[in-house]
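Subject: Structure handover

Hello,

Here is the structure you will be working with. Please open it first, then read the notes below it.

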Amino acid sequence: MKQQTIYEIAVISIGSLNTIRQKETVFNYFSNLSKCLDQLKAALAINGWDSKINYTAVYRSLKEKGKFVAEFSLAGNKIFKVVITTRMINPSLTTLGIEEKPE
């Protein structure tokens, strides 16, 4: 099977407001980084958040660090953070640590 890189977006609630209203982390997966960022920017805009995310910054961060993190705050309180990471689907098969059967 062909290996493919996909992009995982995790929206994680953080800060003091999370103790009042607990929310679980939300995960979304995309096969195209451009479409991933378009969807993220649209969701942020619809909900009234200023998007400080651009393609070049995300691409470079993924190449250098393996992830991109952007935190969003309101009135000095951190509300949530967005973490974008790469995942591999259809990884190459290994022997899973199983040794050859002795004869």
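**Helix 2 and the sheet**

The buried residues of helix 2 pack against strand 1 (4-13), strand 2 (26-30), helix 3 (55-65), strand 3 (67-74) and strand 4 (77-89). Here packing rests on contact, which means heavy atoms within 4.5 Å. Buried means under 20% relative accessible area and exposed means over 50%, with partly exposed in between (1.4 Å probe, protein chains only). Helices (H or I, at least four residues) and strands (E, at least two) are DSSP runs, numbered from the N terminus.

This is a predicted model, in which local features need pLDDT of at least 70 and side-chain atom pairs count only at pLDDT 80 or more, while totals for chains, interfaces and linings use all residues. Residues are numbered from 1 along each chain as its sequence is written, and side-chain values use heavy atoms, with hydrogens and water left out.

Which residues of helix 2 are buried? They are Leu 33, Cys 36, Leu 37, Leu 40 and Leu 44. Seen down the axis of helix 2, these buried residues fall within an arc of 90 degrees, so they line one face of the helix. The arc is taken from the directions that run from the helix axis to the C-beta atoms. On the face turned away from the buried side, helix 2 carries the exposed residues Lys 35, Ala 45 and Ile 46.

At the N-terminal end, helix 2 is capped by Asn 32, with a side-chain oxygen 2.8 Å from the backbone nitrogen of Ser 34. Just after helix 2, Gly 48 has a positive phi of about 85 degrees.

Two strands pair if DSSP finds at least two bridges between them.

How many bridges join strand 1 and strand 4? There are 10, in the antiparallel sense. Among the facing residues, Ile 6 has Arg 87 of strand 4 as its bridge partner, and Ile 12 stands opposite Lys 81 in strand 4. Strand 1 is also joined to strand 2, by 5 bridges. There, Tyr 7 has Phe 30 of strand 2 as its bridge partner.

Regards

Methods
Polar contact = N/O pair within 3.5 Å; in protein donor to acceptor, adjacent residues only side chain to side chain.
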